[in-house]
Amino acid sequence: MKKLRDRILKDGKCYSGGILKVDSFINHQMDPNLMKEVAVEFIRRFASTEINKILTIEASGIAPAIMTGFLMNLPVVFAKKKKPSTMEKMITTTVHSFTKDRDYSVCISQDYLTPDDKILFIDDFLAYGNAAKGVIDLVRQSGAQLVGMGFIIEKAFQHGGDFLRNAGIHVESLAIIESLDNCEIKIREE
Ligand code: 5GP
């Protein structure tokens, strides 16, 4: 997605440890027009896939997920990082965060993830694929079907995408970062 690639090159900031900051348009301040175009692109790429629900993880996946759900007229559910004491029929999994270097649990109620659901998972970043693996586990526990995973930005050099594609999952990433070596952002041309 050219507009996204150009924006990353213009406003993205590189940090040591292979971290890309996009706080001025995705992760802190958000650009709703770009987010809408991101959602339109997800819809185009998953046009031939039957989907009845969008799933994400709080917090940074919610913006692209709600925009996609709004335009597709589908419900959006987010997995929570804190276990609410009132949640019924909770399923949980553990995810390792490499940006924060710690494990955390994510949970979701089976009221909102059911065996009838055909799930498109949407998130901001795909790095090592740990969050995605957690989602795969939640979907498996619920009996729902995972029909695709869409990421705004994939960091190819951390190989989460290889794992997911090798597992036969339909993965779409709108900008693929080849390298952040020497704090230079290299993005794959489509
Ligand atoms: P993974 O689980 O694939 O290793 O990492 C995905 C999650 O970690 C994303 O949901 C995102 O919140 C966070 N993340 C991973 N890499 C980056 C990065 O370079 N920049 C930012 N802003 N978040 C990242």
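**Figure 1. Accessible surface and overall dimensions of the chain.** The accessible surface of the chain is about 9,700 Å², and carbon and sulfur atoms hold 50% of that area. Accessible areas come from the Shrake-Rupley method with a 1.4 Å probe, and for residues only the protein chains shown count as cover. The model is predicted: local features need pLDDT of at least 70 and side-chain atom pairs count only at pLDDT 80 or more, while totals for chains, interfaces and linings use all residues. Residues are numbered from 1 along each chain as its sequence is written, and side-chain values use heavy atoms, with hydrogens and water left out. Along the principal axes, the C-alpha atoms fill a box of roughly 45 × 35 × 35 Å. The radius of gyration of the chain is 16 Å, which agrees with the value near 16 Å for a compact globule of 190 residues. This radius is taken over C-alpha atoms, and the globule rule is 2.2 Å times the number of residues to the power 0.38.

Figure 2. Of the 190 residues, 49% are buried. Buried means under 20% relative accessible area and exposed means over 50%, with partly exposed in between (1.4 Å probe, protein chains only). Among contacts with a separation of 6 or more, 60% join residues 24 or more positions apart; a contact means heavy atoms within 4.5 Å. The chain carries 25 positive and 25 negative side chains, and the centres of the two sets are 2 Å apart. Lys and Arg count as positive and Asp and Glu as negative, whereas His and the chain ends are not counted. Each charge is placed at NZ of Lys, CZ of Arg, CG of Asp or CD of Glu.

**Figure 3. The open sheet of six strands.** The chain has six helices and ten strands. Helices (H or I, at least four residues) and strands (E, at least two) are DSSP runs, numbered from the N terminus. The open sheet has the order E4-E3-E7-E8-E9-E10, and its pairing is mixed. E4 and strand E10 (186–187) stand at the edges with a single partner strand each, so one side of each has no neighbour in the sheet. Two strands pair if DSSP finds at least two bridges between them.

**Figure 4. Strand E8 and its two partners.** In strand E8 (residues 145–155), nine of the eleven residues are buried, so the rest of the structure largely encloses this strand. Strand E7 (residues 118–126) pairs with E8 in the parallel sense over eight bridges, and Lys118 has Gln145 in E8 as its bridge partner. The pairing of E8 with E9 is also parallel, over six bridges. Here Met149 stands opposite Val171 in E9.

Figure 5. Strand E9 (residues 171–179) runs antiparallel to E10, to which two bridges join it; Ser179 stands opposite Lys186 in E10. Ile177 lies in strand E9 and counts as buried, at 0% relative accessibility. Leaving out residues up to four places away in sequence, Ile177 touches residues including Ile8, Leu20, Ile153, Phe157, Ile185 and Ile187. Pro75 is 102 residues from Ile177 in sequence and 30 Å from Ile177 in space, C-alpha to C-alpha.

**Figure 6. Helix H4 and the loops on either side.** Buried residues of helix H4 (residues 62–72) include Ala63, Pro64, Ala65, Met67, Thr68 and Gly69. Among the elements that cover the buried residues of H4 are helix H3 (32–45), strand E3 (53–57), strand E4 (76–79), E7 and E8. Ala59 lies in the loop between E3 and H4, and the peptide bond from Glu58 to Ala59 is cis, with omega near 0°. Asn73 lies in the loop between H4 and E4. Phi of Asn73 is positive, about 60°, although Asn73 is not a glycine. At 70% relative accessibility, Asn73 counts as exposed.

**Figure 7. The loop residue Lys89.** Lys89 is in the loop between E4 and strand E5 (90–97). Phi of Lys89 is near 50°, a positive value in a residue other than glycine. Lys89 has 52% relative accessibility and counts as exposed.
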